[in-house]
Amino acid sequence: MDPLPTSVDQVTGGLREAGYLPSSETAMVSFLAMALGKPVLVEGPAGVGKTELAKALTRVTGRELIRLQCYEGLDEAKALYEWNYRKQLLRIQAESSDATWSDVQDDIFGAEFLLERPLMAAIASERPAVLLIDEIDKTDQEFEALLLEVLSDFQISIPELGQISARTPPIVLLTSNNTRELTEALKRRCLYLWLDYPCLEHELAIVRLHVPELDEAVVRKLVEIVAQIRGLDLKKPPSVAESVDWARALLLLGAADIDQTVFRETMAIIVKHRTDLDIVAEKVGARLAATGG
């Protein structure tokens, strides 16, 4: 494990070396989260780099990444822990026939019978971790309540065992696509970071970082077209990752420009709904044809 950065500049440099170009606000909040030991709630549209920020911080700090992917119906048994009932049953069966419940109760509720899920793994891990709780807005308020002890005290209470506290508190990032309002109790325990689609120059730098071989003029035109597409009324605007994928595809195809033909042949890389394809082809494709692009 690497030592934690001691300044915002170190965080900025570390994230850049890890392949993530942070804004000044992102670097500041990331630094404060590590320095203060506070979780960060990262909200914003899908595909703006929320999950990638957690992965980049993992590379910067040399920690293990533990990820809890949230979904509707997620419960304690899948997020925190559950008992290994088969192993417990085998232990009971192995006891002598005259053993009473009190004789075996302490034996079967030991740590060796516990199945760790992501939250427990992050708290109990001997190696410091980065805990990513991804898409927390897909769960319900009852699940948020399960998180409060973890986020406040970095500990988990198990009735049969007592409290398990983190040896080294994990760096915790919760991501949300802002599809529902999260509870105030959850927000109080977190620093807050809003990530939006990057401005043109920032996205240009991101694409250059990941696809440096692509011609400068093509990269700029790509980013400008993506910005135009995001301005349309679409079901799913293209993400930053899809901009990078498009750049890689253009490089692979040897495209020297993004004209109407190239655009129509490759726009499915950045547009993923049938109705969106029609809208983009009509608005952006027609504009490229009109300008001779």
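This is a predicted model: local features need pLDDT of at least 70, side-chain atom pairs count only at pLDDT 80 or more; totals for chains, interfaces and linings use all residues.
Author: Residues are numbered from 1 along each chain as its sequence is written, and side-chain values use heavy atoms, with hydrogens and water left out.

Reader: At what angle do helix α11 and helix α12 pack, and how far apart are their axes?

Author: Two packed helices are described by the angle between their axes and the distance between the axes. Here α11 (residues 216-230) and α12 (residues 240-253) pack at about 140°, with axes 11 Å apart. Axes are lines fitted to C-alpha atoms, for helices over the stretch in contact; angles run from 0 to 180 degrees between N-to-C directions. Helices (H or I, at least four residues) and strands (E, at least two) are DSSP runs, numbered from the N terminus.

Reader: Which residues of α11 and α12 meet?

Author: Contact means heavy atoms within 4.5 Å. V218, L222, I225, V226 and R230 in α11 meet V240, S243, W246, A247 and L250 in α12.

Reader: In what order do the five strands of the open sheet stand?

Author: Two strands pair if DSSP finds at least two bridges between them. The order is β2-β5-β8-β1-β9, with parallel pairing. β2 (64-69) and β9 (191-194) stand at the edges, each with a single partner strand, so one side of each has no neighbour in the sheet. From one strand to the next, the twist averages 20°.

Reader: How many bridges join β1 to β9?

Author: Four bridges join β1 (residues 40-43) to β9, and the two run parallel. V42 stands opposite L193 in β9.
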